[in-house]
Each structure stands twice: as structure tokens, then as C-alpha cells.
Amino acid sequence: MSPFEPADSALLFAAIDHCVLVHDAQTKNILWANPAACTALGFTLDELIPLKAPDMSSGARPYRREIGLAWLQRAVDEGVSTVEWCYRSKDGHDIWSEARAVRVDLARGPVVMVQFRDIAEEKATRRDLSRTEGRLQAFLRNLDEGIVVLDDGGRVLFASESAGNLLGREPAALAAADFAAFLAPDSAAVLQELLATSGRGGQPTDARYRLSVSGAQDTLDRWFAVRCQYIDIQHDLRGLLLLFHDITATVRAEEEHRRDAQYLNHLARYNAMGDMAMAIAHEVSQPISAAHNFVAGVRSRLDRDGSAGPQLNWGLDAATRQLDRAAQILQSLRAYVVRLEQSQQRVDLNDIIADCAYFIDVRARQHAVSLRWERTDDPLPVHCEKVLIGQVVMNLAFNAIEEMSRWRAEERSVEIRTGRHGDFAEVCVVDTGKGLSDLHVDRIFDGAFSSKGNGHGIGLALSHRIITRHGGEIEAADNTRRGATFRFRLPLADMDQQ
């Protein structure tokens, strides 16, 4: 026996929050509506009963009378039918609804009971979500950065479209793939170590990976900068998140810079050895020639009288001193040329000038050019590679000496001075030659310029590259009266820095 009276069932039914309409199964006329439906539609029950579909539905094409009748008929034929329907209230307000029609066989005959609820907020939320998802997909599709999430074994759980574009593969082809298979062996080892130590919620880690990218013709190796972090998004997506972008051009530029630096060192050493060879030819030839004469004289005396005396000993001693001088010259040269630093060090620029002075003086004497040195008493600490900066000093000095060698003997002079210029240490080489007025000053350091008949300009171009690589600047200008001044500046190092 039911615990409820028939009147109780009616009260319970009327208390339901869902809106309910009851239609005749044959005519589709409204037979009854619960209070919730009357309230939502703004009609009384008596007002609702005579209404037809156009009176209580949106006038849009998807909600025409014939479509509504077909929906109710499906419920009659199949037992149940669900649609999204737009009801219209008495005051003309649209009510977006999810409507479910169910055939109910009553004693009086079959009816169709329609339950509907307002889903306007849900539709707005779905629209917002759809719009947000569309924007997110567009952003991910056009990102320069690829996104993948890997499980603990390194297999791809998620891959953005941009990741597929960067790797030359469809995102679907990346799903469940072993990401290490796309990496070069050295990078795969780095990834495996990262997977083993990533933990949970650690700090982001930056790395560089070399990946194989499928191109139109073949597979190429490209470099990517990768940021890695473990993520756990509401227990739905958890694993190692990799954000990566292509840095192949940067890596190649770095490699080119390293090759360029090695070539620059090679050229500097080659030029230095060539310049030093000229000094050797001049300096060593004199003591060797003198030693030869002394030994020849001793041999002549021995041949003449067959005796050895004080004069013989004096000649042998003199010969020994001259040969020692030649050895000293060679030792000084070897210490300068062979010791090519592989890294920068803190040094006083005045000391570099002092190291170069001997060789510059040799060249000046060869051409009967007088030198005037004006070195500041203040220290000029700089960070540099000593041999390379020394090569610049000698390049500029040798050029000035060669220029002055074409002038009359009494006019041949070159001045070399050091000093401070703001936050820079400065070296100036000044001559009184013909100057730069008729030369291409804007191309003087590009390697194509040389004022020498047999020159190729590599000295000035090399000097420019050395100074700019050290963060300095080099320039040339005409003097007010006559001649030219070549100067370079290097940033002063912190006086307290060791």
C-alpha cells in the first residue's frame, strides 16, 4: 500500500523545481503545467492550456511549430526525445532550455510529459569555454615555442601543434612516442638524467637539446633551448613539462664566433711571427757576422804562428759575447711569440707597451725613424689577451714607421703615447706623414685598405677585430698640421678587482 494519498502525490509533483508541461500525445495540446513552469513562462495554467508552440517558443527557424511537433512525436513513437529548445515567456524573454519529452501511458490514454530547465548560464559558460579554447588553440598553434608533457618514462602525454611544427611531425604522431628518440645521443642522456631527478614540484631547469627535425628532403639536427618543470594539473595531466624553442641560429653563431676567435688568434700569431722574423733578420745578423769575423781572425793567427796567447783568448771571448747576445735576442723573441694566452687576464696596458718597445725600436732603427714615448705614470688596468693587444700596438707602430721612412731623414719621427680617456685606457700612435685626406677613411679597417704598394690591409683589419672583440674601439684621423693619428681604447678594469 502506498504511504501517500493521491492528493499528496499531486503536492509532491507540484513542488518539483524542474518545469513540467504535459501534452496530449495525439493533438500535442497542453493539458497541464506545474507551478515551476507557470512561473518560468509567466503564464497562469489557464493561460497556458490554449497556447500553441508559436505562442510560447522563439520565432527563430530552429524553433518552428513543425519542428516542435516532430520532437514531441518522436517521444510518442520512441518513448523519449531530448532537444535544446528556446521557450519564450509572456513578457517576450527567451528561455534557453534543455527539454526532455517522455511518453507516459495514463489510464486516460498516452501523454507526453516535457521537463525543461533553464540552461542560459550553461550555454554562456560553454560559449566562453569554447571561445577560450579556440583562442588557446590559436595561440598554441602560432607559438614559436613548442610544448610537450612527458610521463616518467619519457613518453609524450601531450604535444602542442607548435611542437609538431618545430619537430616536423604531426602532433598525433608524437602522442605516446618516446621523446628521447628525437634527441641526439648526448641530449638523450641529459633528458634521462632529468627524468630521473625531476622529483615533484621542483624549480624549472634550463637545458639545450639537439633534436632531429624531419624536413621536406631529409632529417636535420637542430638545437633547442628547453625549460623543464614537473607539473600536476588537478591530477589530470602530470609529468615533465618541456617548453622549447629553436636556437639553431644562435648556436651556429656561437660556433662561428669560436672558429672566428681561433682564426683571429692564428692570424695574430702569424702576423706577430712575421714581424718578429724581420727583427731577427736585422738584429741577429749583426752579432753573428761579428762573431764570424772574430773567429776568422783567430783562425788566421793560429794558422800563421801556431800559438795561442792573450789576443787569441780575447778574440774567443768577444766571439762568445756576441753569440750570447744573439741567443738573448732569440730567447726574448721566443718568449713573446710562443706564449699566446688562451684567456684574458688583468694587466697594465703600459706593461704591454713596454713589452713591445724593443721590437718597435728595432723597426724604427732600420728606417732611421726617431721614436718619442709618452707613457702616463698612472696605471692603466685592462682585461685582455696580452699578445693580441701587443700585436695591435706593433701593427699601428710599424705602419707609422713605414710611412715616415718615405720622408726626409730629419722629418722621420713617430710618437707613441698612453693615457686615460674617461673610463678607457688609450694608446695613440702619431706620425707626421701624408695623413688620410686622400684615402677611404670609412674603409680603413675593413681589410680592403692599404697605403702600401705591396700591402693587403690585413694588419688594420685584424687590429679592428681584436679591439672590438675586447669591447674597445679603434679609429684613425688626420692631424691638424700634418700626418695621422691612430688610437685605440680599451675599458678600464676595476682597480680593486684582482
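Two strands pair if DSSP finds at least two bridges between them; helices (H or I, at least four residues) and strands (E, at least two) are DSSP runs, numbered from the N terminus. The model is predicted, so local features need pLDDT of at least 70 and side-chain atom pairs count only at pLDDT 80 or more, while totals for chains, interfaces and linings use all residues. Residues are numbered from 1 along each chain as its sequence is written, and side-chain values use heavy atoms, with hydrogens and water left out.

- β4 (residues 94–106) pairs with β3 (residues 80–88) in the antiparallel sense, over nine bridges.
- Five residues lie between β3 and β4 in their hairpin, and Gly92 in the turn has a positive phi of about 90°.
- Trp96 in β4 stands opposite Cys86.
- β4 also pairs with β5 (residues 109–118), again antiparallel, over 10 bridges.
- The hairpin of β4 and β5 has two residues between the strands.
- Phe116 in β5 is the bridge partner of Ala99.

**Pro381**

- Pro381 belongs to strand β13 (residues 381–384).
- Its relative accessible area is 6%, so Pro381 is buried (under 20%; exposed is over 50%, partly exposed in between; 1.4 Å probe, protein chains only).
- Asp348 is 33 residues from Pro381 along the chain, and their C-alpha atoms are separated by 4.4 Å.

**Arg406**

- Arg406 sits in the loop between α13 (386–404) and β14 (413–421).
- Arg406 counts as partly exposed because its relative accessibility is 47%.
- A separation of 8.5 Å lies between the C-alpha atoms of Arg406 and Gly433, which are 27 residues apart along the chain.
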